[in-house]
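Hi there,

Here is the structure I promised to pass on.

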Amino acid sequence: MQKTSLYLLSGLLLLLVLLMLNISLGSVTIPLKDILASFFNAEVEKETWRYIILDYRLPKAITAVLVGSGLALSGLLMQTLFRNPLAGPYVLGLSSGASLGVAIVILGGAVFGGVFSTLFLSKFTLVIAASLGSVLVLLAVLATSFRVKDTMALLIIGLMFASLTSAVVSVLSYFSPSESLQKYIFWSFGSLGNLAWQEVFILAIFWLAGVIISIFCIKNLNALLLGEKYAKSLGTNLKQNRILVILATGLLAGSITAFAGPIAFIGLAVPHLVRQVITKSNHLVLFPAVALGGAILMLICDSIAQLPGSNLTLPINAITSLIGAPVVIWLLVRKKKLYF
Amino acid sequence: MKKIGFLFALILLFNCKEQPKNTSSKTSTHAKAETVEISYAEGFSITNFEDFKIVKVNSPWPKAEKEFTYVLAKKNVTLPDTLQFDQKVTIPIKKIVVTSTTHIPSLESLGQENTLIGFPHLDYISSEKTRALINNGKVEEIGENEHINTEVLLNLNPDVVIGFAVEGGNKTFETVNKSGIPVVYNGDWTETDPLGKAEWIKFFGAFYNQEQKAEEIFNEIEEEYLSAKKLAQQAENQPSVLAGSMYKDVWYLPYGNSWQAQFIKDAKANYLYAETTGNGSISTAFESVLDKAQNADFWIAPGSFTSYEQMQNASEHYQEFNAFQQQKIYSFAGVKGETGGVLYYELAPQRPDLVLKDLIKIFHPELLTNYETTFFKALE
């Protein structure tokens, strides 16, 4: 247990260091003295810099922490619920639902015209559309989860919902002009920037709600690791647990997708990465470790995506996979064993 | 199928390599060969012979590897056996299909809009003259540019299809070519000089035997443009200009060597990204734009925004710019046709004089006191 707390403590330290590093790096080179000055309301050489630090980089860094930890946690929840190492936050079709909502707003405006094109006025349009899409899919999955006994069947149903929605999206994209299509594709690349403080705050509330619900599931999740029958014999209410886990994942992954777009890979990979380091399967330990791991990986990826010193930025989705995939492969090959 | 296409392309490639030899021999036998004067456009040339014309398009899309040679001849004219070409078009044109809104103003100026029988995505067309034809059912919808409805197009059986392509190998156009309807690529959009784009009216003139008229129209536009440019030089100050807008946190703006940047320069203003060169648009991080252009005097063409409220809703960061606070943002996105097509996209390439005057009016209002802008309007 002591070794584990050491890991967690150093993880927390690393997170703080990376947070500072993430804020210091960007296209515009800002001296450390001015970065600190912006925080302490002191004289900054250029007022623009204070704005860049406090209103652009800081919300982006906090978004990265929320997104990384939230997705990693929901990945862990799904992997344990389905007892399947291939599961991730999006297996229930949440991101496909969000994509459909966004596609209807962006592409539907061009295809159907009229009301849709005027919807664009509000800044929360895309967020609301994505949330509605996720919630609808989530409700559909929940409804089926009452009827279906087998958890694996639920997994398949989630995949089917994903196929259905992506089919509708392809039909819409086929008829859309290139300009709208580009907008949609850019949304699907995911992005951590461009969130105002208000939006970060809303995201944080959803994140908190999701985390609190999942904390209630920890004991049941540990029981589930031994198999559904065993968990049942321990007195776990399987159905209730299933619904709580789905709800937590929906809140976490749904709100993240709504604000930042479908961020790939983190949710699937981070639980595996963490299990390679901390070989315990107790969720009481895994839980904070996975959240920390997700936040750390996301901060690293975002710092790289900003390509410090250059005027270019890369889509965050490309970076998460480019950095994450080789690390997972390397760890699996080195340890020769999948801890799950 | 792909192999055949490749073979086809290869044959075309060799044909075009042999081309110069043939034309030169042609030129020597035909005493009356004359080249039409093209002063600004770099993408095409026209050579008139006794009973036919040769139109060459050398940049149908950026980095095109081959030049396209089109022969324009009257019906029943026998062409010399040695003449090599990609497509033969019978002129004058009675029925035409064009594929870009930028082709519409040329047809109208030449008084030939009645020959238009098909167009992809009719709603994009804004011009009142052509819209009236569309409303009377004279112009057929043929789908979207990337997915043209081949059956409808073949059924229309036009004398020529003026196509445009962002890269080679458009399957639809190949099918149409095979059916005997010539497809001629128009590369007006690859020109970077404002007058170069406008000069493509001469290209359309050749198809209608209206070279004279095309030349007159172009000369008038050229004169207007050059005198406006001269007028702009009288301005005493040179304001700084920002362009483009963000999507998420990435800013998209035109390169310094682009068509748009040329206008800003000719209107005697300082485009802050004038030093950049490239194709397409620059994508750069929000913070570097803020650092560089926060104090820019003017901001033109901020994407599809038409009001300050819309911009603020899209991103709070926009408020940090001086041009936003001072309400010095001008956009062409608000001037639309009956069916929502943006007029600028359609007419601006053909009327660079109007674009330039718009910008002069914005940057140096004292120079054009009684002028009403055509495309650029202040944001609401």
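For the complex, the predictor gives an ipTM of 0.70 and a pTM of 0.76. Chain B has an average pLDDT of 85, and 91% of its residues score at least 70. Among the elements of chain B, strand β6 (residues 96-98) has the highest mean pLDDT, 94, while helix α1 (residues 2-29) has the lowest, 45. Over residues 1-29 of chain B, pLDDT stays under 50, and the model has 20 contacts beyond four places in sequence for that stretch. Where pLDDT is low, the predicted coordinates should not be read in detail.

Where the two chains touch, chain A puts in 20 residues and chain B 19 residues. On the chain A side, α3 and α8 (178-189) each supply at least two residues, and α3(A) gives the most, with four. By class, that side of chain A has eight nonpolar, 10 polar and two charged residues.

Helix α3 (residues 47-81) of chain A also meets helix α11 (residues 238-260) of chain A: their axes come within 9 Å and cross at roughly 150°. This crossing of α3(A) and α11(A) is left-handed. The residues making the contact include V67(A), L71(A) and L77(A) from α3(A), and V245(A), L252(A) and I256(A) from α11(A). In this helix contact, 12 residues are nonpolar, four polar and one charged.

Best wishes

Terms used. Residues numbered from 1 in each chain as written. Chains lettered and ligands numbered in written order. Predicted model: local features only at pLDDT ≥ 70, side-chain atom pairs only at ≥ 80, totals over all residues. Axes fitted to C-alpha atoms, helices over the stretch in contact; angles between N-to-C directions. Left-handed = near helix turned anticlockwise from the far one by under 90°. Contact = placed C-beta atoms within 7 Å. Nonpolar A, V, L, I, M, F, W, Y, C, P; charged D, E, K, R; others polar. pLDDT = per-residue confidence, 0-100.
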